[in-house]
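This report describes selected side-chain arrangements, a metal site and the nonpolar core of one structure.

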Amino acid sequence: MGKGHDHQHPPSDMALRVKALETALTDKGLIDPATLDAIVDLYENQVGPKNGARIVAKAWADPGFKKKLLADGTGTIADFGFPALQGEDMVVVENTSEVHNLVVCTLCSCYPWPVLGLPPAWYKSSAYRARSVSEPRKVLEEFGVSVDESKAVRVWDSTAEIRYLVLPERPAHTENLSEDELAALVTRDSMIGTGLASAPQKG
Ligand code: FE
């Protein structure tokens with residue numbers, strides 16, 4: 001299959017090792033699988049994506065940083081404190097009034113771990129991997145994102161060498177928010193392209 005998609009990254013071997021470890025620890029009564037699920041969920045939904053959200057918030061707040069981020073995702077994100085784990089390159093793609101970006105890994109589940117944590121189960125599903133390429137607008141609608149016909153949808157296929165992060169559009173009425181407040185609006189899905197950044201709370 002395609003060049004540049006070497007599966008050097010963990011899935012199979014790592015998954016087996018983790019499973020073996022989990023079984024051994026559970027058998028010894030050292031861990032509770034439910035607790036482990038909770039920890040995984042925490043990394044998938046909370047801890048991991050917070051790194052990416054901080055980068056997006058800074059890009060919204062600081063035009064110079066945004067320019068660097070779009071020109072050199074790998075170096076800028078590493079300087080920010082989240083270096084690549086396996087030497088992969090990071091490319092940041094910006095959503096604008098003209099284009100909506102969507103990230104997938106058609107062959108497996110390549111994902112920008114340092115900035116988004118663990119990939120959600122649907123990202124690894126064969127349905128998402130196939131359909132986000134064949135019918136991206138339909139997939140987006142199922143995620144609750146309707147992209148105007150006037151807007152292009154661009155799909156980025158991740159590989160072991162290149163991982164993509166979407167820079168979502170900054171929501172309206174956020175001019176007076178701090179970077180921390182901005183970061184709180186950046187959802188995980190908005191950085192994959194299957195969601196939009198949240199609107200600020202009124203009040
Ligand atoms: Fe992959």
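## Burial of an aromatic pair

Tyr128 is buried, at a relative accessible area of 5%. The model is a predicted one. Phe143 has a relative accessible area of 29% and is therefore partly exposed, because burial requires a value under 20% and exposure one over 50%.

The rings of Tyr128 and Phe143 form an edge-to-face aromatic pair, with 6.2 Å from centre to centre and 80 degrees between the planes. This pair links distant parts of the chain, 15 residues apart. Tyr128 belongs to helix α7 (residues 126–134), whereas Phe143 lies in the loop between α8 (136–142) and β3 (152–157).

## Other aromatic contacts

Across the whole structure, a search finds nine aromatic pairs. One of them joins Tyr123 to Tyr128 in a tilted arrangement, the centres being 5.8 Å apart and the planes at 35 degrees. The angle counts as tilted because stacked planes are under 30 degrees apart and edge-to-face planes over 60. Both Tyr123 and Tyr128 are buried.

A single aromatic cluster is formed by Tyr111, Trp122, Tyr123, Tyr128 and Phe143.

## Iron site

Which residues coordinate the iron ion? The donors are the SG atoms of Cys105, Cys108 and Cys110, at 2.0 to 2.4 Å. The spacing of these donor residues in sequence is C-x2-C-x1-C. Cys105 is buried, as is Cys108.

In soluble globular proteins, nonpolar side chains tend to be buried together. Here the largest nonpolar core contains 38 residues, and Ile77 and Val115 have the most contacts inside it. Helix α2 (residues 33–61) contributes the largest share of this core, with six residues.

Notes
Residues numbered from 1 in each chain as written. Predicted model: local features only at pLDDT ≥ 70, side-chain atom pairs only at ≥ 80, totals over all residues. Heavy atoms only, no water. Phe/Tyr/Trp six-rings, centres within 6.5 Å; stacked < 30°, edge-to-face > 60°. Buried < 20%, exposed > 50% of the residue type's maximum accessible area, 1.4 Å probe, protein only. Helix = DSSP H or I, 4+ residues; strand = E, 2+ residues; numbered from the N terminus. Donors = N, O, S within 2.8 Å, 3.2 Å for Na, K, Ca; no water. Core = buried A, V, L, I, M, F, W, Y, C linked by side-chain atoms within 4.5 Å.
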